[in-house]
Amino acid sequence: MQQDTAVKGRPMGFWMALALVMGSMIGSGVFLLPASLAPLGWNSVIGWVITVSGALCVASVFGALSKALPKAGGPYAYTRAAFGDGAGFAIAWAYWISMWVGNAAIATAAVSYLSQLFPLVGTQGVSAAITISIVWAFTLINIRGTKLAGQVQVIWTIAKLLPLIAVIGLAAYILAIQGTGVVRTFDVADISTASISTATILTLWAMLGLELATVPADKVQDPERTINRATLFGTAGAGGIYILVCSAVVLMLPVAITSASAAPFADFVNIYAGANAGNAIAAIGAISALGALNGWIMCQAELPAALARDGLFPAFMAKTGPNGTPRNAHLFTTSLLTIVILMNSSRTMASMFEFLILLTTAIVLVMYFGCAAAAFRLIQTGILKVRAGFKIILLFAALYSVWTIYGAGPEALMWGVALLLAGLPVFWLLRIARGSKAVA
């Protein structure tokens with residue numbers, strides 16, 4: 001009976017946690033990336049290998065931390081345990097902002113794909129209204145319960161994986177029939193450090209979200225084991241699909257076509273399968289973005305709820321509905337997300353998407369480095385017990401985080417640091433408020 005109650009209170013098993021990781025990672029970026037990567041040729045393949053390898057090192061760090069500290073909040077819980085309330089709050093504050101700001105970018109991408117199917121959707125006013133309707137629809141799904149949100153995430157993840165696997169299958173079929181002559185020639189003279197670095201930064205956006213299974217840890221069954229497996233398998237699975245599908249499009253299509261394409265996957269299918277796939281790819285892109293949005297909306301409420309339970313956020317954010325979901329945190333955070341969409345509604349969808357990506361990426365990179373530093377600290381204090389070889393992985397994760405922060409440029413770093421520092425006054429004001437209540 002106790003076991004049944006525990007499972008009921010923790011509705012997310014391995015497959016839901018895996019879908020949360022993969023579904024949140026495979027979003028809008030993968031369908032647009034080949035156009036940016038096409039001029040880089042084989043450098044993009046090397047960039048993907050570096051990005052996925054670095055992401056796996058970071059995923060290993062999160063997996064180890066989740067086994068030692070299977071607490072809700074993920075990155076917040078780890079940095080708080082290592083460096084105290086102030087550091088934990090700063091990381092959580094910036095990461096929380098990146099979530100709902102990033103969700104605006106993902107929702108915008110979904111509506112952008114829908115506008116290719118229904119041009120009216122792309123007009124100003126209408127696009128903002130539909131974007132807001134979408135984020136509130138997924139918020140209500142999550143408020144209905146974590147189990148329902150997890151089931152929706154599994155369905156969306158399967159829906160987005162099938163067409164990507166189909167493209168990989170088509171590429172394999174073409175190679176088997178026509179041979180490697182259709183692949184761009186590998187020339188050592190074309191490989192350069194600068195181009196590889198550019199490819200690595202471009203591909204990074206597609207890997208964000210590998211840590212998401214750690215955030216709702218209190219909703220996951222057997223979190224010490226499940227989160228670690230879901231994080232590693234999800235990162236490896238998404239990374240493997242990315243390398244295969246993007247490399248196929250980049251290396252098997254003429255660079256002039258791919259680099260100028262608004263839908264490179266559609267062009268790939270049109271050329272090699274002879275089908276008019278533009279509308280199908282647009283629909284798949286919308287499905288992919290919506291699937292990612294569902295997972296991120298779940299976590300954008302779970303994180304502040306965890307802070308509130310620890311007394312580091314207003315208490316009303318910790319209040320839950322009858323099914324245990326953080327209802328108030330969902331309503332409050334999605335309200336902020338709505339404001340972001342309205343404030344940016346005068347921008348074109350492309351410029352809004354680019355700005356929000358920059359802001360989100362900057363914060364997540366700083367958070368990754370903060371968690372790597374927390375792991376070093378927790379090893380020293382004995383809280384995190386690891387094998388000797390893990391320290392090498394941890395070192396690579398830290399170096400990868402620093403390198404990507406540097407590669408993202410000064411503007412991204414400025415935004416990341418600014419939002420971290422902006423959280424400190426909020427932390428002290430909340431602390432003073434808690435002290436006043438205690439005295440009263």
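## A tour of the aromatic residues and the core

Start by selecting Phe 89, Trp 93, Trp 96, Trp 100, Phe 313, Phe 316, Phe 332, Phe 427 and Trp 428: together they make up one aromatic cluster. Keep in mind as you look around that this is a predicted model.

Now zoom in on two members of that cluster, Trp 96 and Trp 100. Both belong to helix α6, where four residues, about one turn of the helix, separate them. A pair of aromatic rings is described by the distance of the centres and the angle of the planes. Across the structure, the count comes to 17 aromatic pairs.

Next, widen the view to the largest nonpolar core, which has 140 residues. Select Trp 48, Tyr 95, Tyr 242, Phe 265, Phe 268, Leu 303 and Phe 313 to see those with the most contacts inside this core. Then colour helix α6, residues 85–117: with 18 residues, this helix supplies the largest share of the core.

Stay with Tyr 242 for a moment. Setting aside neighbours within four places in sequence, Tyr 242 is in contact with Met 25, Ile 26, Gly 27, Val 30, Trp 48, Ala 206, Met 207 and Ser 247.

For a last stop, pick Arg 229 and Phe 14. Here Arg 229 lies over the face of the Phe 14 ring, 4.3 Å from the ring centre.

Note on methods: Residues are numbered from 1 along each chain as its sequence is written. This is a predicted model: local features need pLDDT of at least 70, side-chain atom pairs count only at pLDDT 80 or more; totals for chains, interfaces and linings use all residues. Side-chain values use heavy atoms; hydrogens and water are left out. A nonpolar core is a set of buried Ala, Val, Leu, Ile, Met, Phe, Trp, Tyr and Cys residues joined through side-chain atoms within 4.5 Å. Buried means under 20% relative accessible area, exposed over 50%, partly exposed in between (1.4 Å probe, protein chains only). Helices (H or I, at least four residues) and strands (E, at least two) are DSSP runs, numbered from the N terminus. Contact means heavy atoms within 4.5 Å. Rings of Phe, Tyr and Trp (its six-membered ring) pair if their centres lie within 6.5 Å; planes under 30 degrees apart count as stacked, over 60 as edge-to-face and the rest as tilted. A charge sits over a ring if NZ of Lys or CZ of Arg is within 6 Å of the ring centre and within 35 degrees of the ring normal.
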